[in-house]
Structure formats: structure tokens, C-alpha cells
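Colleague: I would like to learn how to read a surface patch and a helix in a model. Please give the general idea before each case.

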Amino acid sequence: MGWPGRLFDMRDTLVRMVLLDLSGICYLIFVPHSTRTPNGTQWTLAVLAFVVALATHRWPVVSLLTQAALLVVAIGLVDDFTINQVGASWALLEVTMRAHRPRVIWLSAALLVVVDLIDSIGAPANQVASGVVGLALEVGVPVLLGLVIRTNRELSRQAVERAVAEQRQHQSEHRAARADERAAIARELHDVVAHHVASMVLRVGVARHVLTDLDPRVGEVFDDVHGTGTAALAELRRLVAVLRDPDGVRGDAALTAIEPSALPAAIGASVDRARQAGVTVEADLDPAIGSLDAVRGMAVLRLTQEALTNVAKHAGTSAFAHLVVAVRDDAVHWEVADNGHGGVPVGAPTGGGHGITGMRERVEVLGGRLEAGPTPTGWRVRTVLPAPAEPPARPVPRDRTAPAGSPAPEPA
């Protein structure tokens with residue numbers, strides 16, 4: 001906003017009064033007068049008008065009444081009462097700009113009309129006509145200018161309110177669209193994916209009880225498949241609940257579904273599952289990972305699960321994998337390397353899967369960069385998760401802890 005707009009701003013009344021008083025002083029000192037130099041009475045009335053303007057700048061009606069009274073006195077005592085006339089007219093402008101009710105404006109204008117016509121009482125007709133015409137400048141201009149300023153201010157306020165309302169409407173529509181998308185995804189997960197996973201878990205459970213004389217190693221595989229399936233089903237059901245009611249969880253449930261203190265046990269369960277599949281896993285876990293924030297903790301767990309699954313699928317069940325999770329300078333250094341002789345994991349682009357892609361997206365959300373590629377002896381994937389910009393605002397409830405491999409609710 002430029003200085004003309006600031007000049008009539010509601011908050012700058014004192015600035016306006018100071019400028020008005022300086023203008024009056026300059027008029028008395030520097031402007032030539034047709035009759036005679038301002039005398040003591042004129043100076044006294046002018047100084048009183050200046051002081052009243054400053055003292056009552058917060059109360060426009062009080063200022064108008066006082067200036068009108070000084071104008072009545074000036075009309076009776078001095079020949080040149082321009083200073084008091086301008087002071088009363090400016091007070092009327094302030095009332096017009098700032099009055100809360102229109103009735104106050106018109107009563108103030110009527111008062112000033114009566115005061116200005118005092119000088120015309122008993123005067124010749126031509127002088128009365130001149131005084132009536134002068135009211136256009138003394139009363140009409142302040143009222144008109146004040147009404148214009150009031151109208152512009154009201155239009156500006158309405159424009160701001162409309163802009164805020166439109167922004168809120170856009171945000172509401174955006175939230176509704178996202179809610180519809182989440183609901184559609186939740187329906188697909190519940191009706192298709194969760195249904196098939198529950199069916200698989202149920203069939204494996206039936207097979208374990210029907211086939212009684214199985215080789216113990218086959219029984220271990222069935223147990224592992226059943227446990228993995230029930231855990232996956234629990235994750236799906238929790239994800240469906242988050243998609244349907246994101247406000248019903250605390251924080252980002254898709255990332256904070258595990259409590260930090262449970263992270264070492266969850267990673268250990270993932271390592272044990274890989275070992276049960278035949279992969280030899282050497283795990284170097286920094287004890288400090290137990291104090292990680294939930295977001296990076298969940299990322300480390302998901303990265304470990306995906307990487308060890310890739311090792312089992314592509315490096316072979318006789319492969320050797322080395323897992324390293326270390327915390328240095330509050331940054332998480334994570335790496336999984338195997339001796340699968342350069343085999344391409346399921347997430348690589350040539351394989352058409354989404355494992356590496358999902359890992360990379362998860363890492364990039366946290367400000368890191370995933371490196372994945374062959375080595376002279378196998379395959380390696382690693383990343384560094386930087387420290388969060390600010391600590392999590394709220395802790396994750398203990399009942400949301402879901403370490404990998406823990407018992408899950410029975411499929412519905």
C-alpha cells in the first residue's frame with residue numbers, strides 16, 4: 001500500500017493530525033493575509049484547535065464537537081477563522097470515515113452546517129447565498145470524501161473475505177478429493193488384496209492341520225508362510241483403517257506404525273525370517289537405533305525387509321548377506337550387501353518389479369538418496385537417512401507397535 005492509502009488508514013489518525021497541524025502553522029506564518037497579520041486571539045484559537053486535534057484523534061465525535069465549539073467562538077471574535085473552519089471540516093471527515101452508524105455521520109454534518117451558517121445570520125442575501133455555496137466545500141467535500149474512503153475500505157475487506165473463502169473452498173475440495181482417492185484405494189485393498197491374502201493364510205493353516213506327517217523342514221516353511229501372511233494381513237488391515245480415517249491416528253501412521261524401542265526386535269525378526277529361508281545373514285546393528293525417531297525407524301525396517309527378501313529371491317538360499325545399520329552424527333547409515341554374483345533383485349527396472357522403486361521413494365521422502373547396484377561379488381543397496389529437520393511433535397501410542405513377525409488379528 002502506498003503513502004496515499006496509508007494517509008487515510010484507520011491506524012494512522014495521529015499522523016494525519018500532525019500533518020494537519022503543520023499545515024495550519026504554515027498557513028498562519030507564511031501565507032499572506034488580505035486583512036492583517038494574525039493577532040493573539042487568532043493564534044490562541046488556532047493553537048487550541050491544533051491541541052484538540054492531537055488530543056482527541058482517537059475519538060472523532062469528541063473532536064468534531066470541540067472543533068465546532070472553537071469555530072463558533074472564532075466566528076464571533078476574529079475575521080479570519082480559516083484554521084478553525086478547516087479543523088471542524090477535517091473532524092467531520094474523520095467522523096465520516098470512522099463512524100459505526102450512518103446516523104452519526106448525518107447528525108455531525110447537520111451540526112457543522114448550523115455552525116457555518118451562524119456567520120450568515122443577519123447578513124445580506126448575497127452573503128447568505130455565498131455561505132450556502134461555501135457549505136459544499138466545508139461540509140459536502142468532507143462527507144463525500146469520507147464516504148468514498150469508507151466504501152473503498154469495505155470493498156477491500158469484502159475482497160479479502162472472498163479470497164479467504166475461495167481458498168478455504170479450494171482446500172475443502174482438495175481434501176474431499178483426497179478422501180475419495182483414499183476411500184477408493186481402501187476399497188481395493190480390502191476387497192481384493194486383503195481378501196486374497198486372508199484366503200492364502202487360511203489355506204496354509206488348513207494344510208498344516210490336514211497334512212500331519214510332513215517333513216519337519218516343510219512344516220517350518222508352512223509355519224513361516226502362515227506367520228508372514230498373518231503379519232501382512234494385519235499390516236493391510238491397519239493401512240485400510242488409516243486410509244479410511246486418517247484423522248483417527250496420531251501422526252503419519254503409514255510411517256510411524258512401530259515404536260522406536262521395538263525397532264531392534266523387529267529387524268531381528270526380519271533377519272531370522274531370512275535365515276529360515278536359507279540365507280546366511282550377518283547383522284551389525286548399532287544399539288543407538290533403539291532411540292531413532294519413528295519415521296526413520298520404520299523406514300529402516302521396511303528397507304531391511306525388502307532388501308533381505310530380494311537376497312532370498314535372487315541371490316539364492318545359499319547366499320550370504322551382510323546387514324549394517326549404524327547411527328553416526330544423528331544420521332542413519334544403512335546397507336545390505338550379498339554375494340549373489342551380481343544377480344538383479346526383484347526391484348530392479350529390468351525385472352519389472354517395484355521393490356527398489358518403493359525403497360528409493362521412501363528414502364527420498366526422508367531427504368536421503370538410495371544407491372543400488374552390482375558389486376564384484378554380488379549386489380549392494382545402501383543409503384544415509386539424514387537427521388530430521390525437527391523432532392516429532394507427538395509420540396506414537398504404544399498400542400500401535402507392530403514388530404515384524406508378531407501375531408496378527410485373525411483374518412475377517
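Modeller: Start with the term patch: patches are made of residues with over 30% relative accessible area and no salt bridge, with like charges joined within 9 Å and nonpolar side chains (Val, Leu, Ile, Met, Phe, Trp, Tyr) joined within 5 Å. A salt bridge is a side-chain nitrogen of Lys or Arg within 4 Å of a carboxyl oxygen of Asp or Glu. Accessible areas come from the Shrake-Rupley method with a 1.4 Å probe, and for residues only the protein chains shown count as cover. This is a predicted model, in which local features need pLDDT of at least 70 and side-chain atom pairs count only at pLDDT 80 or more, while totals for chains, interfaces and linings use all residues. Residues are numbered from 1 along each chain as its sequence is written, and side-chain values use heavy atoms, with hydrogens and water left out.

Colleague: Which residues form the nonpolar patch on the surface?

Modeller: Leu-14, Val-15, Val-18, Leu-19, Leu-22, Ile-25, Ile-29, Phe-30, Trp-43, Val-47, Val-51 and Leu-54 form it, and together they have about 1000 Å² of accessible area.

Colleague: Which helices each supply at least two residues of the patch?

Modeller: Helices and strands are DSSP runs numbered from the N terminus (helices: H or I, at least four residues; strands: E, at least two). Here the helices are H2 (13–30) and H3 (40–55). H2 gives the largest share, eight residues. An α-helix has 3.6 residues a turn, so residues three or four places apart point the same way.

Colleague: Why does Leu-19 count as partly exposed?

Modeller: Buried means under 20% relative accessible area, exposed over 50%, and partly exposed in between (1.4 Å probe, protein chains only). Leu-19, found in H2, counts as partly exposed because its relative accessibility is 42%. Val-15 also lies in H2 and is partly exposed, at 45%. The C-alpha atoms of Val-15 and Leu-54 are separated by 9.3 Å, although these residues are 39 apart along the chain.

Colleague: How many residues has helix H9, and which of its residues are buried?

Modeller: The expected span of a helix is 1.5 Å times one less than its number of residues. H9 (residues 263–276) has 14 residues and reaches 20 Å from first C-alpha to last, close to the expected 20 Å. Its buried residues are Leu-263, Ala-266, Ile-267, Ala-269, Ser-270, Val-271 and Ala-274. Contact means heavy atoms within 4.5 Å; the cover over these buried residues includes strand S1 (280–285), helix H10 (294–315) and strand S2 (320–328). Just after H9, Gly-278 takes a positive phi of about 110 degrees.
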